[in-house]
Amino acid sequence: MKSQSLQFRNSYIIGIISVVVILGSVESRGSVRRSEKLEYSAINCRKHSAVLTDFGGVGDGKTSNTKAFQTAISHLSQYASDGGAQLIVPAGKWLTGSFNLTSHFTLFLHKDAVILGSQDESEWPELPVLPSYGRGRDAPNGRLSSLIFGTNLTDVVITGNNGTIDGQGSYWWDKFHQGKLKVTRPYLIEIMYSDQIQISDLTLLNSPSWFVHPIYSSNVIIQRLTIIAPIDSPNTDGIDPDSSTNVKIEDCYIVSGDDCVAVKSGWDQYGIRFGMPTQHLIVRRLTCISPDSAMIALGSEMSGGIQDVRAENNNAINTQSAVRIKTAVGRGGYVKDIFVKGMNLSTMKYVFWMTGSYGSHPDPGFDPKALPKISGINYRDVIADNVTYSARLDGISGDPFTGICISDVNIKLTKKPKELQWNCTDVEGFTSNVTPKPCDLLPEKEQKFDCPYPKDSLPVDSVQLKTCSSTLKEYLL
């Protein structure tokens, strides 16, 4: 079968040219200079394929490829009902503004490919504010589209052999610090109102703001991402599952200026009205470095609810806190049925941190009677070293955080620890086999017990990935 990638070839390109072969051969284009097999795991493989250079892409790090990406994806969208299509980004530096994905589609980055985010603001379209937030996070009016964006999609894969996407965020961080933002900064990858999404095997650098933001989506698999931003960069959350269901995050390494994983579901009255929770989420084998934020944060934007979050075998190094709950009066919503098992922590300010006064609001229209319900929070099997505070647990007066269970925890303190190791107000629960001794509001039961952790599997864990392959060939013309 001839590759579908032989259309739209620029007539002025001579010399070496790359094409992709899938399940067959291409028409003769001269002798093959080099052939490379590409192989990856994905929720679905594709029948059709193309290379970015087929659409005029220039990988010199200077030429804008926004139009090349847009034209390529628009062309490949015609194959959605015929086995789908993939776009391969070959070796090179590919400068681009925002572009939109399509359904039944794979964006594949070669190991030596680098997508660079443009610093020309005209290449970033403005979008309406998210309905569950009511305003932008940086400015009230509007927000810029993410570098890689998709909405109302089915079956989308963003992957590679550890290719790189660099948002070149310093331009946006400077504008943030200088107070010059009129709209909210773009994210690196955002997928909205979509189903069956995979983001895997990539290096993500220097996002203007949040890195990976699946929102209003379901059946999302995020695996083997390396995410790096300076530890003082503003709001560079790693992965933010937001009002989404059935999400798996595995084997990611994140160095961030904000939370490594931040679980969200809308902001105050807008999130309450939209009413879409994040639920059935699993986070496994995460490694996080974030000196000023959390390994995993639940909130603070949690007004649509957060339920059935499972975190197992995660690691934090030189990080402010482990699994932190952030909420406030006016949020409404709930955080419940949270299960944490197996944390290995080193050099932490806090091991346990819950905050009921995280007070930022979108506008004065929030309801001060909308109280969040925090219940069923379970931690077990925790080892921590070089810790300043064991716990700071601050519920809300008249609205305590209940059903807190902590078991089998061994915390070793820094050489200069705080004298008050457990600072607890407006919380209720029990502990078992915890060192140092917890506060009186979390008494130790006489009989040793393990806090619960679900024995069932989430549906997203049953998804079987397929092995996909194609051949990238360079021809001498």
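Predicted model: local features only at pLDDT ≥ 70, side-chain atom pairs only at ≥ 80, totals over all residues.
1. Basis. Local features need pLDDT of at least 70 and side-chain atom pairs count only at pLDDT 80 or more, while totals for chains, interfaces and linings use all residues. Residues are numbered from 1 along each chain as its sequence is written, and side-chain values use heavy atoms, with hydrogens and water left out.

2. Disulfide count. The structure holds 4 disulfides (pairs of cysteine sulfur atoms within 2.5 Å). With the bonded cysteines numbered in sequence order, the pairing reads 1-8, 2-3, 4-7, 5-6.

3. Cys-45 and Cys-468. Their sulfur atoms are 2.0 Å apart, and the link is left-handed, at -90° about the S-S bond. Cys-45 is partly exposed at 32% relative accessibility, whereas Cys-468 is buried at 3% (buried is under 20% relative accessible area, exposed over 50%, partly exposed in between; 1.4 Å probe, protein chains only).

4. Cys-260 and Cys-288. This disulfide has an S to S distance of 2.1 Å. The torsion about its S-S bond is about 75°, so the link is right-handed. Both Cys-260 and Cys-288 are buried.

5. Cys-405 and Cys-451. The sulfur atoms lie 2.0 Å apart, with -95° about the S-S bond, a left-handed link. Cys-405 and Cys-451 are both buried.

6. Cys-252. This residue is in no disulfide, and the nearest cysteine sulfur, that of Cys-260, is 10 Å away. Cys-252 is buried, with a relative accessible area of 2%.
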